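Dear colleague,

I am handing over the structure we spoke about, and below it I have set out what was found in it. Please read the notes with the structure open beside you.

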Amino acid sequence: MLQSVLVFAALVLKSNARILVPELTGPYRVGTTVLEIVDNSRQDPFAATPQPRDLVVSLFYPTDGHGHARGVIKNCTLVPQFPPATAAVLDAAINNPGLAETLFTRACLGGPLSRPDLPLLLVSPGLGNSRLIYSDQAEEMASQGWNVVTVDHPYDSVIVEYPDGRVVFPTDSPTAPNATLEEYLDARVKDMISVLDALEDPSTTSRIPGLGAPSSSYPRRKLKTAKVGAYGHSFGGAAALQLLRDDRRFRVGADLDGGVYGDVVQKGTDLPFLYLRRENHTHVTDPTWAEAWPNLRGFKREYSIDAATHASFTDISVFRDLVGEQALGDYGQALGDVTGTRMLAIQTAFLGALFDRFLKGRGGELLDGEGMRRFPEVHLQKN
């Protein structure tokens, strides 16, 4: 089976064909766009020369601008998973030139954002990771009825590629390589707040397809920014928890297999929070979790996933389903036994239950144990 997958991957690369990630399972078609957001109110703490913090985000959202039939989307330009420079970095990391550029999402480029009334979710990647290896999870959430924003953190991510082709690497900064976790966390939390501020600004939202000039088709022009959710993988989960303390607009959060840092660990929060973790990564083995848990005074849950690894929470696990483990080099070997499609289903179900309950005010029965039989590999650790 593995040999046949690798042969398929080789043929795809030779023909420059596209490899599509799995079809979305939600009721909504998904559009996407990329925005550059410059925060002129603060200086970049890591840049070599004084300059405002310059961020890049991807938006994934329900769109009504495209039709589909029998699984084939019409009038839609599917977006590559990675732009050129980022694809080259990933190809070099896995020693497989040309692979990353063949991977395509299921999101339609520039499809109009048709449901600004749906809640916003902001996503922070793992330390050193690009936002782009969480696109498949984000678009799957969007298909379920969320407006999702993935955020890159310059000089923290292995590469940040701007819409005009500029790139930023950690090595471009004289200070980032030696920054402390506290300094990285402070920058990340402020980045997330900057993005949410920008999404309240008409000069930003006017650049989002479907939220430009008013029309009879789109009578509501504003995104719901007063009550949002945040989640992140690894260090991004620490940012999500700290945000609950630092900005009242962030009302609920989740941590995907990360430790937690910042003063929220000691001071805590009354807001709801969920941990979704790999096997054997619990309050017993993670001292940061053990310290923080008693100080989370609101609704809280911790779940672990059998046979998952830290890397299972990224889109790399989806890529393995498509091209095989060997095609991904060391990255493929870092994944557990849970398939990428299954990881998407688990993350979407548990994150969806959390955000449904606390942002949409309905549902969330999975958090009470209803339907857990559908996820025998997931175990409640603490509530």
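In this predicted model, strand β8 (residues 119–124) runs parallel to β9 and pairs with it over four bridges, and within this pairing Leu-120 stands opposite Asn-147 in β9. On the way from β8 to β9 the chain passes through α3, and this β-α-β crossover is right-handed. β9 also pairs with β3, here in the antiparallel sense and again over four bridges, with Val-151 in β9 as the bridge partner of Val-57.

β9 itself is mostly covered, since five of its five residues are buried. In a regular strand the side chains alternate between the two faces of the sheet. In β9, Asn-147, Val-149 and Val-151 point one way while Val-148 and Thr-150 point the other way, and all are buried.

The largest cavity has a volume of about 30 Å³, and β3 (52–63) and β9 (147–151) each supply at least two residues of its lining. The lining consists of Leu-59, Phe-60, Tyr-61, Leu-113, Leu-120, Asn-147, Val-148, Val-149 and Leu-223; by class, eight of these residues are nonpolar, one is polar and none is charged.

Which residue of β3 has a side chain that reaches the backbone oxygen of Pro-154? The residue is Arg-53, which has its place in strand β3 and whose side chain comes to 3.3 Å from that oxygen. Arg-53 counts as buried because its relative accessibility is 1%, which is under the 20% cut-off.

Asp-64 and Pro-84 are 20 residues apart in sequence, and from C-alpha to C-alpha they are 28 Å apart in space.

Tyr-155, in the loop between β9 and β10 (160–161), has a positive phi of about 70° although it is not a glycine, and Tyr-155 is buried, with a relative accessible area of 7%. Ser-234, in the loop between β12 (224–233) and α6 (235–246), likewise is not a glycine and has a positive phi, of about 55°. With a relative accessible area of 17%, Ser-234 counts as buried because this value is under 20%.

Finally, there is the largest pocket, in which about 450 Å³ of space lies. The pocket is lined by 26 residues, of which Glu-140, Gln-144, Ala-345, Thr-348 and Ala-349 are the closest to its centre. Both α3 (135–143) and α11 (340–360) supply at least two residues of this lining. Which helix gives the most to the lining of the largest pocket? That is α11, with nine residues. By class, the lining of the largest pocket divides into 11 nonpolar, seven polar and eight charged residues, whereas the lining of the largest cavity has no charged residues.

With kind regards

Definitions and conventions: Residues numbered from 1 in each chain as written. Predicted model: local features only at pLDDT ≥ 70, side-chain atom pairs only at ≥ 80, totals over all residues. Heavy atoms only, no water. 1 Å grid on protein atoms, 1.4 Å probe; cavity = no way out; pocket = protein on both sides within 12 Å on 5 of 7 lines; lining within 4 Å. Points joined across faces, edges and corners; volume = space filled by probe spheres on them. Nonpolar A, V, L, I, M, F, W, Y, C, P; charged D, E, K, R; others polar. Buried < 20%, exposed > 50% of the residue type's maximum accessible area, 1.4 Å probe, protein only. Polar contact = N/O pair within 3.5 Å; in protein donor to acceptor, adjacent residues only side chain to side chain. Pairing = 2+ DSSP bridges. Right-handed = clockwise from strand over helix to strand, strands pointing away.
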